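Have the sequence and the 3D view open side by side.

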Amino acid sequence: MKRRLKSPPSKLEKLKPAIAAVLPGGLPRAVARFYAERDGLKVAWDGEEAVLVGLVEMFGGLEKRAFRPHVVVKKADLDELEWSDLPFYERFFNEHGDVTDKKSLDRLNLRMRLKLLVSVAGESTELAIDYFADEPTIYLVDRADAAYPLNDLDFKEFVAWFEKFGTRRWYYAFLDKKAEASLNIDLRAELEASLADFPAEEWAPLLERLPKKKAPKATRVQVLAPASDGPSAHSPLPSLKQPPVVVADDNPRRAVFSADGQRLVVWGGDYGLFVLDVGRRERVWQQKHAHAMDLSQDGQIVAVLEHKGSGEPVDRLVLRSGATGKPLQRAPWRPGGELTTLACIGGGRVVVADNADALHVLDLATQGVVKTVPKVKHVRRLGAVGGDPGRVLVHVQAFDFGAMALTGPSAVKLLDLDTGKVVTTWADASIFAASADGTRVALGSTGERTRVQIVEVASGRVLHEFVGGPTNPAYDPHAGFRLALAPDGARLVVSELVFDAASKTETSTLSLYDANEGTLVERVDLGRDPERSRLTIDAEGLALSRDGVLGVAADAYGLRLWQV
């Protein structure tokens, strides 16, 4: 791979007085030698470009009053700082970070004194240098929240590797186990995937720095009850206004019915997954280490994104038998990066999103990749459009890792998997559910009140609109807001937190609608935790079966079943 190197002329002599105001001893020898010959470095190849910055940008830019001694903050100073005037605000640090003790204050002060070397295009990542330590140290700064030292890497060697690989993840070779655990990634796998385009002999010394990982053990499935493919009759379930049947109490958060309504696949907040025989109220099998799941449209396959254990990256797709939980392939599908979410769609396929903004379409029977769709950013959730194998519904919204919250505009998009193009965008929508035939989609959005529309997919025509209760302006309006559409599209159930401004209290409600007529059938208060009466029982996940069973995964309050 041919690389092109380009450098502007040096500005070091001109900037020495300004640098001395920050660093009385001047730049370290190796850094000064580099900038005496050039003002930064640009590496380009095959449309890629990486930039080692010039001296002005290194110190924050003249417009931000750089070239001055760095600010040392004490806890008492935090509220008095003019944060936005400081160099690298929101790149290395920001005013919203939690400072709770001396360690967190020390970490903040470290990031505040760092000087920029490289920004990684398309990522919330920078490489920076600390000139104020006993030995100048280069750091990887991740999402303006944490700085990880690149151990045993001096500036001269840094430049040499940068000339070879730009901002491909060669620097992962200089991170330690603590950084690997904190970033929740496999350093070796990420480095191998990032440098795969280059001759292996060029990056072999980097790979030698990272220990080989033992082959991961397959996640064990515990079989709890004999599975049966025959129907199991439901014992009577209460109506929506009666107390529910509670069949699980281990933090369920998402539920999906099989096509025949006989089984319910449930995922929980503790990364456990189980399959429930609805009629017998018994678990058929269960497993640990599940990050996300969906059920094939024929109900025979449970597709699971798994990780090796707590704190490990989600790096594999396992296709399991819905009846027994046994893997259907000899080995899981592991593309080398981290996986985020998935959806089973028509044509016996599953769509998997990764953290590199790509969607991978796989065949459920062979586990082979049918197609990869690049540049689909900020994917939060995927969903089927009936039995259509060529399209998928996508909820997109950026996530602020510093604030640990969704941020910016939200939308649901209908994506053509063959062309990678967006067919339709429903702006402001944040939740969705489609009918089994793909002709209708229910779309939920938030504002001062929740709002749900039932839309005809082919024409875009709004068939019905349901306006919910007021949302709490002080909290995330998406909290407790979920919906499910019956497979035939005839019934819609919506959960929400309704805020009463006079009493400043919230009530968690379930509303059942006739989706054909556009009318409200029933609305009930989900109630409150009997042991902590101030806490509402929020519906984290909803599912409706063909035969009218409503499953509500209510997080810490159990999986609750009604007949509607």
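**Inside the model**

A search of the whole structure turns up 4 cavities of 30 Å³ or more. A cavity is a set of points, on a 1 Å grid over the protein atoms alone, where a 1.4 Å probe fits but cannot get out. Grid points are joined across faces, edges and corners, and a volume is the space filled by probe spheres set on the points. Rolling a probe the size of a water molecule over the atoms shows where empty space is left.

Before going further, note that this is a predicted model: local features need pLDDT of at least 70, side-chain atom pairs count only at pLDDT 80 or more, and totals for chains, interfaces and linings use all residues. Residues are numbered from 1 along each chain as its sequence is written, and side-chain values use heavy atoms, with hydrogens and water left out.

What is the volume of the largest cavity? It is about 140 Å³. The lining of this largest cavity has 14 residues, and those closest to its centre are His-70, Val-71, Pro-87, Met-112 and Lys-115. Lining residues have an atom within 4 Å of a point. The lining divides into 11 nonpolar, 1 polar and 2 charged residues. Here Ala, Val, Leu, Ile, Met, Phe, Trp, Tyr, Cys and Pro count as nonpolar, Asp, Glu, Lys and Arg as charged, and the others, Gly among them, as polar.

Now look at the packed interior. In soluble globular proteins, nonpolar side chains tend to be buried together. A nonpolar core is a set of buried Ala, Val, Leu, Ile, Met, Phe, Trp, Tyr and Cys residues joined through side-chain atoms within 4.5 Å. Buried means under 20% relative accessible area, exposed over 50%, and partly exposed in between (1.4 Å probe, protein chains only). The largest nonpolar core holds 75 residues, and Leu-52, Phe-59, Phe-158, Trp-170 and Leu-206 have the most contacts inside it. Helix α5 (residues 155-165) gives the largest share of this core, 6 residues. A second, separate core has 17 residues, including Leu-510, Leu-526, Leu-544 and Tyr-557.

Pick out Phe-59. Contact means heavy atoms within 4.5 Å.

Next, the helices. Helices (H or I, at least four residues) and strands (E, at least two) are DSSP runs, numbered from the N terminus. An α-helix has 3.6 residues a turn, so residues three or four places apart point the same way.

Start with α2 (residues 29-37). Its buried residues include Val-31, Phe-34 and Tyr-35. Seen down the axis of α2, the buried residues fall within an arc of 90 degrees, so they line one face of the helix. The arc is that of the directions from the helix axis to the C-beta atoms. Arg-29 and Glu-37 are exposed, on the face of α2 turned away from its buried side. Among the elements covering the buried residues of α2 are α1 (12-22), β2 (41-45) and α5.

Move on to α8 (residues 200-208). Which residues of α8 are buried? They are Trp-203, Leu-206 and Leu-207. These cover an arc of only 95 degrees around the axis, which puts them on the same side of α8. The face turned away carries the exposed residues Glu-201 and Glu-208. The cover over the buried residues of α8 includes α5 and α7 (187-194).

Leu-187, Arg-188, Glu-190, Leu-191 and Ser-194 are its buried residues. They fall within an arc of 165 degrees seen down the axis, so they line one face of α7. Their cover includes α6 (177-183) and α8.

One more helix residue deserves a look. Asn-109 is in helix α4 (residues 102-113). Asn-109 is buried, with a relative accessible area of 10%. Beyond its neighbours within four places in sequence, Asn-109 is in contact with Val-71, Val-72 and Val-73. Asn-109 and Val-73 are 36 residues apart along the chain, and their C-alpha atoms are separated by 6.5 Å.

Last, the loops. Most residues other than glycine have a negative phi, and most peptide bonds are trans. Asp-357 has a positive phi, near 65 degrees. Asp-357 sits in the loop between β18 (349-354) and β19 (359-363). At 25% relative accessibility, Asp-357 counts as partly exposed. Lys-504 also has a positive phi, of about 55 degrees, although it is not a glycine. Find Lys-504 in the loop between β30 (491-500) and β31 (505-514). Lys-504 is exposed, with a relative accessible area of 68%.

Methods:
1 Å grid on protein atoms, 1.4 Å probe; cavity = no way out; pocket = protein on both sides within 12 Å on 5 of 7 lines; lining within 4 Å.
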